[in-house]
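Reader: I am new to this structure and would like to learn how to read a few of its features. Could you take me through them slowly, with the general idea before each case?

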Amino acid sequence: MADETLRNRKGPKVKHDKSPKVDKIQKSEAAGKSGSDSEKENGPARVVATVIETVSTESDVNAAKANLQNTNPAKIIKDAKARAQRRAWSYHLALAFVTLLSFATRVYRISEPAQVVFDEVHFGKFASYYLRRQYYFDVHPPLGKLLLAATGWLAGYDGHFLFDKIGNDYVENNVPYVALRLTPATAGALIIPTVFLTLKEMGMSVAGATFAALLLVFDNALIAQSRLILLDSMLTFFAILSVYTWVKFYKQRHRAFSAPWWFWLSMTGVALALTTGVKMVGLFTVACIGIAVLFDLWELLDIRRGLSMRQVGRHFAARALCLIFLPIAIYLSFFYIHFAVLINSGPGDAFHTPAFQAELKGSSMNVGTPAIPYHANITFKNRDLKVYLHSHVDKYPLRYEDGRISSEGQQVTGYPHRDANNFWTLLPAEPELAGSHAEYEPTDEEKRKNLRYLKHGDHVRLHHPKTDSYLITHDVASPLTPTHMEMTTVKEDVALKRYNETLWKVLLLEEDDETSQAKVRARRGHLKLVNVHHKVAVHTHKGVLPPWGFGQQEINGNKNTKEPKNIWFIDEVQHPRIVNGTEIEDEPEKKEEKKDEKRLSFLQKFFELQSVMISANAGLVKPHPYSSTPITWPFVLRGISFWETKEGLRQIYLLGNPIIWWPAIVGTFMYLAMWVLDRIFLRRGVDDFRPPVRRWWDRSIGFLFLAWALHWLPFFLFERKLFLHHYLPSFIFSVMTAALVFEFIGRIAGEDGAKVDFRTPIAVWMKSQGGPIYWGLLGLALGAAVWSFYYFAPLTYGLGFESVEAIRAHKWLTSWDLQHA
Amino acid sequence: MDMDNLRQRKPRVGDADAQFPLNADDELKDAVPRIVYRPAKPADGTNIYIAVLLTILALVVRLYKITNPAEVVFDEVHFGGFASKYINGKFFMDVHPPLGKLLIAASGVFAGFDGSFDFKGIGSDYLGPKVPYVAMRFFPGLFGVLLVPIAFLTMKNLGYSKPSAILAALLVTFENGLVTQSRLILLDSFLVFFTGLTAMMWSEFLTYQDDPFSLGWFNSLALTGVALGLTLSVKWVGLFLVALIGLSTIQNLWKLLGDTRNSLTTIARHFIVRAICLIVIPMAVYMAMFQVHFWALPNSGSGSSFMSPEFQATLKGNEIAATIKQVGYGSKVYFRHEATNGGYLHSHKSTYPGGSKQQQMTCYPFRGFIDEFLADENSGFTLLPPLEVINGTIIETNVTEFKRIKHGDIIRLEHAVTNKRLHSHDIRAPVTDNENHYEASGYGAAGFTGDTNDHWRIEQLEFDYKNPWIDAIHTPIRLVHVNLGCKLFSHSVKLPEWGFGQQEVTCAKNGKKRLTTWRIEYNENPWLDAKAEKVNYQRPSFLKKFIEIHQTMWRINAGLTSSHPFDSRPDSWPTLKRGISFWTSKKGGGQIYLIGNPVIWYSATLSLLVYVAFEAVSAALVKRGIKVTTTGYIAQASQGGWFLFLGWFLHYIPFFLMARQLFLHHYFPALYFSILLFCAIFDTATRRLGTATQSLAALFVAAAAVWMFYEFSPLTYGTVMTKEHCKRLKWRSRWDFDCNRIGRKVKSSVSQVVSGVTGGAHGGGASPVAEAVPAGGAVAPVENPDET
């Protein structure tokens, strides 16, 4: 840094008659309080140097020299400190101002409407389940809902209301909904100061940061989304917080391993865990910070940085600890609390494996789950499609419509209702007929009871008692799916001849181990039935047979044994020794039985829930009337109708403030365009921005641009239904990007801009300002945004309109499908 | 000047990070002696002899026993079938562009195939119907053969040594998968050939970098464009190749841009020539293929029903007679449903068994002959004016003169035969049981005036205030139910037997726009005589047809989501997890099973990892100030390696984004690039040893590959092998060729659909929907009516 100062000292002499106006810079520069790190590091010497450096008229130079010679440098420092305090004051004032405004806009009329709005249906309900401690299932991780539940608990709510339908009344049902709504509202309001602080850290002027923060204060979409019982404001807040903590950490980079360095690094990890704990979308934030970390590490690796490999290793380890292990631990802790709270059986049971369900109090999986003895009559129910494996006397037609030929055997179908034809008698494979299958050696328990239990990996035959025939599959195309094998039943004589084709291997899904001797239990284990000879699994699908099959579902043999629709469980069991779903015991040995069953560990439960969440999330493909595609989001082509009532023509419609959204996306793309142009110019040897500015440009705006892109573009790959509010984190980053781009242009266009060149210390550049025209334009833009906010406020707060015409007037785009219009 | 000096000054190294040069790599590159990337030009006279020798070898390897089996194998079902359709000129729809199929058809014509064989199922006999299948297989086989010299020349162009280039060609020759795929009537050998050709031409172009705008420079660039167009015309996978050449071009231009000796005009010239050669030429080639496609298929066929009425009217056998333009009250009209090709709005004496039990409204495609358009009277409807209420009594307005109908007019539609009127009410639709669909029925009688639920507002699809009239044929219309606000709707959902399997018609709220669109295709009016102005469908221009066929292809392609027993996901390809059973002899003979040569396949996959590791380590070393890898032939190899790696990457990764069914053979273009990459790495690793040792090493690798090829060749050629041999080949349990079947006869004929041979047949192969769906005639892809 020393030689930089030297160079600066020469500076004014070279160009002293070129730049007349320096007061402003002097003021801002001398203050030297916040902003660039270089200043902080150098302390008083730096202040002196900058004072000299920024003074550039002849007289000022003389005055400064005189000052230096005649007065104590301490006095100069004192003056500078005083100015810095004044600046700090304006900065705190601005921060307080935007925070207050943001709370005001979010909390205004928060008790209205006193009805269930949009997805409060879900998230309110989940909070209720927490308070009832009943197990529920949701595609999102638990943190957001835990926070809501905690609020409800503090407010003394007992979870009696289930938020069943949009429009249900809160007051009648005595729900402390205002308290519940205040939680997201607080998170939503805190977004604004975080944005302000982040921009400030990135070197934006107080006025510029205030401008950006105010744009977000007056955005209708952020407000509408924040003041209801929804997760997105929390998600967005934590995402922005992650970015803020990362920026704070990055600014500590010259004081590696100091206390603040560690603090901000671990805070980044915490914030990432919080983000992901609310919604999986937080992974985009993780990716964004992750890329920044990689860039940072890559720079640390550089030999010219002077770090030994050992030191680089320490850097890497510190980041791995704080940004990988710490967040994972915190994320897991949310699930730990989730399982600790939800101990009772509830509506979410059905999403899980029987073993998981058995962990819940009052689960049906805990009653009537006898082990299956051979020669019992049992029914098989498909896990996903809930049909029974069924057969009846009718035959497959000889020739199908498309000309293919069947075996003309007895039909085997999937039937959704209870019926005597669903029962199959479980018979063991007879070793002398089955060839390789060895004689079975009964266990002590079985010898005592004179029974044999069905176990994982057994070869069995399934006898249909109503028609006295055996389940078989063979090399004939099934009626609807020619690539699968036909399933039918055959009489005893044929069954004996084709013995191996009537053999089925029972495989429990929960058992990986081939040699496992686990008993199969009714309603407890999910299983596959794989034909021993043809290696196909009993499969069903939604396809319905033509009238000859009475519209029942097709059952066939599937070569791909891994498909989820091959999964069955044993539902009912008829056996002389099983009464009401429990086995009559010869001897009291219940306790022993209980011991056999292993309880699931926390991690097992976590991984099961996590995988079900991911697959359920991917399964959300059914279109919703207000779902939209990602490409429409930045342009506010469509909103979401949250709630409406004819009375007073009121409605809440999620809609971004177009006066903010449209310039935001333009500004964001301007960054991209300027970046590309700059790189092309540079390639041609024209270097206008100069490395210090370019570095600031890449590390601040570039980082925000990356955040914007990473929170938006991945949605294009999603096949699930998507909504406008998925864009909100991205929108905030685009506003920040745009504000910085505008300030950058303002500075370039302002009178100080001309002085930017290679030798300009970045600190001077940071303190330079756009001219009055720039500030005027920003003021105008802000005015327009506030007006537009006010104009659309009835849709945001659900205030209502005077007439249908008034609603129509608000329909700036025909694609905004406002209600009542 | 002082200032200028400062501007030019290099930032000092070792300062704080504030003083870093912008791009550390650039800086370093300047520091080391610059390696000029100038690969050897293929001017070496021996190259051509080597190429010829390699071609002859490949001819032997790839065409050996091409007559076996004399039965339809796997997707020959589709592509052979398409050849028949080309020969008969019957319009069909397929998800792939036409070039590959045109080439197959051309070979069929050349060999005297008359198009009478329909390639119905795997295992159908060729010899009986005298299909010149050998010639038709020979043609794709030839393209497969020519890939071999191309691999050799590409490697030479990229600057690799001769032994390595020969090795590349040999590995391509002895890759079982590529051999299997190229000796059958399939598209992939064309695709891989053209992909290789493009890469070769582009690598040729890269050797002319020091001699821009020379003849060779122009030639190679233009030929790259032509080859690119041809690749794209075989399969859309060619788009990945476009991305590869595009990125490589950008890299190429970026290099030119960085050389400040090039003036901006020169760079502009460079840019324009590339734009013409790599954008305009491929587009032209691609479109020309479609023009040929349209010429070759003048007749209506199985694919007609996928197309719009305008398109269909261009096909022989589907023409529609001109009809009177102006529609007025009293007109008798036929409404055609636009999107589904379900036919015309139709009614008949039968009633709905449930709901209101009123008369059925359906869509029915039967149209009769062109001259006797009205063969099916039951689709005729008369346009009546709305009822009027005067002093509480309902009066039917009397039409006494021609009154033209315009957008927004309220009408009633009376079924001409039964005198029932098109009606809707708050009762759920017969089949589609959801709240958005109301029943559309026929109600009323000749004397009975009916009620306001008969009232429909006729609207133009896009209201044109300058021309608000409803015209026959030219105006797409919607019928909006006045009381319910729903729109007359149909979709490809069939009514049960009581509705004779005709298409369901409902009145839908939030129905998809295209499913609520109708068109008046026939119109007669008592006040207009035969001399009145007539209209017919406008013949769509080539461009319109081109765009429409692409929309349709896209839709069908996206709809290929059903599963196939042998489909696979991309993550299983590089490790060769499983193959595809193409064919199994019914007489207990051989079987054809698509599987790669494990030696080649796994080395190619390994080379990808080696390449990535090498580049990563090298970048880290450079960052730590160690520059061993930025000099000499390693730097050069790294450049060629980058192109090949990018080629593999772009031909592989995008498949992860595709939800449609995928097969192992989709990996072949990527495999080709990775084989070349393996040889590039081989070259880099062995070049130090000198030509003789390197040749020896190459020979060793090639020998291993040939031996493995020989082991697996029975599965490739479909020849008989012993059970022991077969079991020996089962390296992995998922390689499910059937060893037990050897020497056993298969009993029933249906069984082969299910057994190991399950190939194309129904729902199989790469393009099943196109074939399976329209076969019955008027069936369009299923629409989801719930989507708004």
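Reader: Is N419(B) buried, partly exposed or exposed?

Author: Please keep in mind that this is a predicted model. At 25% relative accessibility, N419(B) counts as partly exposed, because buried means under 20% relative accessible area and exposed means over 50%. The residue N419(B) sits in the loop between β8 (410-415) and β9 (421-428) of chain B.

Reader: What is the phi of N419(B), and how should I read such a value?

Author: As a general idea, most residues other than glycine have a negative phi, and most peptide bonds are trans. In this structure N419(B), although not a glycine, has a positive phi of about 60°. I473(B), also a residue other than glycine, has a positive phi near 60°; I473(B) lies in the loop between β11 (456-460) and β12 (476-481) of chain B, and with a relative accessible area of 0% it is buried.

Reader: Which residues does the cis peptide bond with omega of about -10° join?

Author: That cis bond joins E112(A) and P113(A), and P113(A) is placed in the loop between α5 (73-107) and α6 (120-132) of chain A. In chain B, the peptide bond from N68(B) to P69(B) is cis, with omega near -5°, and P69(B) is found in the loop between α3 and α4 (76-88).

Reader: How many aromatic pairs does the structure hold, over all chains?

Author: A pair of aromatic rings is described by the distance of the centres and the angle of the planes. The structure holds 109 aromatic pairs over all chains. One of them is formed by Y396(A) and W548(A), an edge-to-face pair with 6.0 Å centre to centre and 75° between the planes. This pair links distant parts of the chain, 152 residues apart; Y396(A) counts as buried at 2% relative accessibility, whereas W548(A), at 24%, is partly exposed.

Reader: At what angle do the axes of helix α3 and helix α7 of chain B cross?

Author: Two packed helices are described by the angle between their axes and the distance between the axes. Here the axes of α3 (residues 46-63) and α7 (residues 162-173) of chain B come within 10 Å and cross at roughly 20°, which makes α3(B) roughly parallel to α7(B). The crossing is right-handed, and the residues in contact include I50(B) and L54(B) of α3(B) together with I166(B) and L170(B) of α7(B). By class, this contact has 9 nonpolar, 3 polar and 2 charged residues.

Key: Residues are numbered from 1 along each chain as its sequence is written. Chains are lettered from A and ligands numbered from 1 in the order in which they are written. This is a predicted model: local features need pLDDT of at least 70, side-chain atom pairs count only at pLDDT 80 or more; totals for chains, interfaces and linings use all residues. Side-chain values use heavy atoms; hydrogens and water are left out. Axes are lines fitted to C-alpha atoms, for helices over the stretch in contact, and angles run from 0 to 180 degrees between N-to-C directions. Helices (H or I, at least four residues) and strands (E, at least two) are DSSP runs, numbered from the N terminus. Angles under 35 degrees count as roughly parallel, over 145 as roughly antiparallel, 65 to 115 as roughly perpendicular and the rest as oblique. A crossing is left-handed if the near helix is turned anticlockwise from the far one by less than a right angle, and right-handed if clockwise. Contact means heavy atoms within 4.5 Å. Ala, Val, Leu, Ile, Met, Phe, Trp, Tyr, Cys and Pro count as nonpolar, Asp, Glu, Lys and Arg as charged, and the others, Gly among them, as polar. Rings of Phe, Tyr and Trp (its six-membered ring) pair if their centres lie within 6.5 Å; planes under 30 degrees apart count as stacked, over 60 as edge-to-face and the rest as tilted. Buried means under 20% relative accessible area, exposed over 50%, partly exposed in between (1.4 Å probe, protein chains only).
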